[in-house]
Amino acid sequence: SNKDYALECAKRDSVTFPGGATLRTHAGATAHLLRGSDRRIETSFLIGDVTRRLRLMYDKEMKEQGLSRAQWRALIYIFRLESPSQTELATALDIGRASTGALIDQLEARGFVARATEPMDRRIWRVVPTKTALQNLSKLNDAAIAVSETH
């Protein structure tokens, strides 16, 4: 059953995913919280644990590029959303507009992004990646590959 599988995964030191990627876990730490719980709760704990660990591994890779978690996440969303407004980026990151503005300022100071006016509405500023960001995109991808293949 899904519950048995979730408990078994939580007891292990690592979980191996299809394709061979392996993720180290806290052996038994999650299992105690899951016993007797609803399957949806068990699954949410496991998903949360896995995503937290993946973020930490990616943080380590990005630290070598000199990017904080907030900065690399913002930069990835800027690429994914294809030059979002500050409001769109704030929504995607699930943070406030002021915090997003500070992140944009940091990335702009490092030469990763620029602000460009929206042709149809001059009140809106688009956050666009610069040549520097485009040149570093392969490093972001390499870090993602390193995390998925190594761990």
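Helices are DSSP runs of at least four residues, numbered from the N terminus, and in this predicted model that numbering places Ser83 in the loop between H4 and helix H5 (86-93).

**View 1. Ser83 in the loop between H4 and H5.** The phi angle of Ser83 is near 65°, which is a positive value in a residue other than glycine. With a relative accessibility of 21%, Ser83 counts as partly exposed, because the buried class holds residues under 20%.

**View 2. Asp94 in the loop between H5 and helix H6 (97-109).** Although Asp94 is not a glycine, its phi is positive, at about 60°. Asp94 is exposed, since its relative accessible area is 69% and the exposed class begins over 50%.

**View 3. Helix H3, residues 39-63.** This helix has 25 residues and reaches 36 Å from its first C-alpha to its last, which is close to the 36 Å expected at 1.5 Å a residue. The residues of H3 that are buried are Glu42, Leu46, Asp49, Arg53, Met57, Tyr58, Asp59 and Met62.

**View 4. The largest pocket, with about 440 Å³ of space.** Of the 16 residues that line this pocket, the closest to its centre are Tyr58, Trp72, Ile76, Arg80 and Ala144. The elements that each give two or more residues to the lining are H3, helix H4 (69-80) and helix H7 (131-150). Sorted by kind, the lining residues of the largest pocket divide into 10 nonpolar, 3 polar and 3 charged. Tyr58, one of the residues closest to the centre of the pocket, is also among the buried residues of H3.

**View 5. Asn141 in helix H7.** Asn141 is partly exposed, with a relative accessible area of 41%, a value that falls between the 20% and 50% limits of that class. The C-alpha atoms of Asn141 and Ile76 are separated by 9.9 Å, while the two residues are 65 residues apart along the chain.

**View 6. The largest cavity, with a volume of about 30 Å³.** Rolling a probe the size of a water molecule over the atoms shows where empty space is left. The structure holds 1 cavity of 30 Å³ or more. Gln65, Leu67, Phe112, Asn136, Lys139 and Leu140 line the largest cavity, and these lining residues divide into 3 nonpolar, 2 polar and 1 charged.

Methods: Residues numbered from 1 in each chain as written. Predicted model: local features only at pLDDT ≥ 70, side-chain atom pairs only at ≥ 80, totals over all residues. Heavy atoms only, no water. 1 Å grid on protein atoms, 1.4 Å probe; cavity = no way out; pocket = protein on both sides within 12 Å on 5 of 7 lines; lining within 4 Å. Points joined across faces, edges and corners; volume = space filled by probe spheres on them. Nonpolar A, V, L, I, M, F, W, Y, C, P; charged D, E, K, R; others polar. Expected span 1.5 Å × (residues − 1). Buried < 20%, exposed > 50% of the residue type's maximum accessible area, 1.4 Å probe, protein only.
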